[in-house]
Amino acid sequence: KPYLPLLESSLAKLKLKINKVTSPVISERKYGLKLIETPDKTLVNAIYAGSPASKVLQINDQIISINSMAVRGDANRWLNYFEQEKVTLNILRAGKLLEVELIGNEKSYYDIYILEADTDFPNELARRWKER
């Protein structure tokens with residue numbers, strides 16, 4: 001059962017609202033993939049269920065290259081560069097070098113949810129205080 005409507009109605013009583021923001025990170029937003037990047041290694045850290053990444057990648061896969069460009073802590077830069085093209089990854093999985101095709105779609109994954117105070121809250125609080 002979806003929990004977001006219940007959460008939104010509960011937070012409204014506290015004069016809070018939830019704003020959804022699309023992730024600015026292309027691997028998360030377009031492919032459903034979270035990475036751990038260091039200068040010498042890029043590892044798959046999380047995969048969104050049902051995302052394009054879930055069809056071809058596994059947790060702890062090491063991304064070696066994107067479209068034949070070596071990845072050195074800059075996988076998202078290469079994913080941005082090749083955003084309008086087919087993306088081929090060379091990965092290292094359990095000691096084996098594999099080549100996989102990562103095909104993004106228009107759905108957004110790993111959205112960011114931000115709690116914000118209702119903008120009328122200070123005015124309403126002042127009005128209630130005067131009514132006392």
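Predicted model: local features only at pLDDT ≥ 70, side-chain atom pairs only at ≥ 80, totals over all residues.

Visitor: Where does K34 lie?
Guide: K34 belongs to strand β2, which covers residues 33-38.

Visitor: Which residues is K34 in contact with, leaving aside neighbours within four places in sequence?
Guide: The contacts of K34 are E28, L43, V44, N45, A46 and Y110.

Visitor: You mentioned Y110. How many aromatic pairs does the structure hold?
Guide: There are five aromatic pairs. One of them joins Y48 and Y110 edge-to-face, at 5.2 Å centre to centre and with 85° between the planes.

Visitor: Which parts does that pair tie together?
Guide: Y48 sits in the loop between β3 (41-47) and α3 (52-56), and Y110 in the loop between β7 (96-102) and β8 (112-117), so the pair ties together parts 62 residues apart in sequence.

Visitor: Are those two buried or exposed?
Guide: Y48 counts as partly exposed, at 33% relative accessibility. Y110 counts as buried, at 18%. Ring pairs also link both of them with Y109 into a cluster.

Visitor: What about W78 and F82: stacked or edge-to-face?
Guide: That pair is stacked, because the planes are at 25° and the cut-off for stacking is under 30 degrees. The ring centres of W78 and F82 are 6.0 Å apart. W78 is buried, with a relative accessible area of 12%, and F82 is buried as well, at 7%.

Visitor: What lies over the face of W78?
Guide: R77 does, at 4.6 Å from the ring centre. The side chain of R77 also meets that of D74 in a salt bridge of 2.9 Å, N to O. D74 is buried, with a relative accessible area of 16%.

Visitor: Changing topic, how many salt bridges are there?
Guide: The structure holds four. Among them is D61 with R93, at 2.8 Å, N to O. This pair links distant parts of the chain, with D61 in the loop between α3 and β4 (62-66) and R93 in strand β6 (residues 87-93). D61 is buried, at a relative accessible area of 1%.

Key:
Residues numbered from 1 in each chain as written. Heavy atoms only, no water. Phe/Tyr/Trp six-rings, centres within 6.5 Å; stacked < 30°, edge-to-face > 60°. Helix = DSSP H or I, 4+ residues; strand = E, 2+ residues; numbered from the N terminus. Buried < 20%, exposed > 50% of the residue type's maximum accessible area, 1.4 Å probe, protein only. Lys NZ or Arg CZ within 6 Å of the ring centre and 35° of its normal. Contact = heavy atoms within 4.5 Å.
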